[in-house]
Amino acid sequence: MFMDLLDTLIIGSGPAGLSAAIYAKRANLSVLVAEKDYMGTGQISESGEVDNYLGLPGINGFDLGEAFLNHAKKLDVEFYEGMADGFERDADGWSVHFSDGKKIAAKTVIYCAGAVHRHLDIEGEREFTGKGVSYCAVCDGAFYKGKTAAVVGGGDTALGDALYLSDLCDKVYLIHRRDQFRGSARTVERLKSMENVEIITNAVPERINGSQTVTALELKDGRPVAVNGVFVAVGMKPLTDVLKGVVDLDDGGYVIADETCATSAPGFFVAGDVRAKALRQVVTAVSDGANAAVAAAEYILSL
């Protein structure tokens, strides 16, 4: 098992956390990766296809996540299943509390817990979650083969979901509250050219209707859109509530950190989707993890 005082404790085993683990291990640091989901690899596992990771075009997201995990295992990185729910500065560095009552001490912490899906917060959403409302097209899209689905959102995730579902569903509605999309213009043009995709802009969902399962998505202007499923892709919420009062956060709850991934608290680093930055992709998460681990190693040397 791991030692009494680790060099670095990494929270989260997505691309950022595993990248940090590999770089920390290669720097000869004692490393432990804590993850609430046993041997999880983060949200990358939900992606049917990752086409923008350098050198691996079209790779399945689950396979990419497993490749990251196996690389870390090959370097004998240790893992611990648990959810961190408290952080305290002490004379040795950091004392991290877990929901199972365990306490782990480390000279440095690299926090890579990621983010979760935001909800529409409209009538019927929670009632029909799992019964027609989904937050992962790759996970649940196959249930709607030959049916009609709506994707709500305007970023790359929403566009990708609509594209993915267009190969499965008879009809796909892409619904966005603005007239311009935040996601790839190329993907928008591709969707516009598809006969079974209909784009509805300047539209705000108000209610999800159904009986046993979803039957329609009602818009604020009163228009009902008959669908069998609603896929919500309206952004993410960083898992940083536990860091309030520990490190500086921006208005969106993301951790403020420089390019070395150092936060406002000495010895506390952050990487991946929880960091305040312009682009949240696998490649930037991996980069963050590397930077954070190198910075952590340099910090330990400076003690």
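**Strands, helices and selected residues**

Q: In what order do the five strands of the open sheet with parallel pairing stand?
A: The model is a predicted one, in which local features need pLDDT of at least 70, side-chain atom pairs count only at pLDDT 80 or more, and totals for chains, interfaces and linings use all residues. Residues are numbered from 1 along each chain as its sequence is written, and side-chain values use heavy atoms, with hydrogens and water left out. Strands (E, at least two residues) and helices (H or I, at least four) are DSSP runs numbered from the N terminus, and two strands pair if DSSP finds at least two bridges between them. In this open sheet, where the pairing is parallel, the order is β8-β15-β9-β10-β11.

Q: Which strands stand at the edges of this sheet?
A: An edge strand here has a single partner strand, so one side of it is left without a neighbour in the sheet. The strands in this position are β8 (133–134) and β11 (197–200).

Q: Is strand β9 mostly covered or mostly uncovered, and how many of its five residues are buried?
A: Buried means under 20% relative accessible area, whereas exposed means over 50% and partly exposed lies in between (1.4 Å probe, protein chains only). In a regular strand the side chains alternate between the two faces of the sheet. Thr 148, Ala 150 and Val 152 point one way from β9, while Ala 149 and Val 151 point the other way, and all are buried. Strand β9 (residues 148–152) is thus mostly covered, its count of buried residues being five of five.

Q: How many bridges join β9 to β10, and how many join β9 to β15?
A: Strand β10 (residues 171–175) runs parallel to β9, with Thr 148 standing opposite Lys 171 and Ala 150 opposite Tyr 173. Strand β15 (residues 229–232) also runs parallel to β9, and there the bridge partner of Val 152 is Val 232. The bridges to β10 number five, and those to β15 number four.

Q: Which hand does the β-α-β unit of β9, α4 and β10 have?
A: A crossover is right-handed if, with the strands pointing away from the viewer, the path from the first strand over the helix to the second runs clockwise. By that convention, the unit made by β9, α4 and β10 is right-handed.

Q: At what angle do α4 and α5 pack?
A: Axes are lines fitted to C-alpha atoms, for helices over the stretch in contact, and angles run from 0 to 180 degrees between N-to-C directions. The axes of α4 and α5 (residues 185–192) are 10 Å apart, and the helices pack at an angle of about 30°.

Q: Is Asp 161 buried or exposed, and which residues does it contact beyond its neighbours within four places in sequence?
A: Asp 161 has its place in helix α4 (residues 156–166). With a relative accessibility of 11%, Asp 161 counts as buried. Leaving aside the neighbours within four places in sequence, the residues in contact with Asp 161 are Ala 137, Val 151 and Ala 233.

Q: What is the relative accessible area of Ser 166?
A: Ser 166 also lies in helix α4. Apart from its neighbours within four places in sequence, Ser 166 is in contact with Val 172, Met 194, Asn 196 and Val 197. Ser 166 is buried, with a relative accessible area of 9%.

Q: By how much are neighbouring strands of the three-stranded open sheet turned against each other on average?
A: This sheet has the order β12-β13-β14, with antiparallel pairing. Its edge strands are β12 (205–210) and β14 (224–226), each pairing on one side only.

How values were computed:
Contact means heavy atoms within 4.5 Å.
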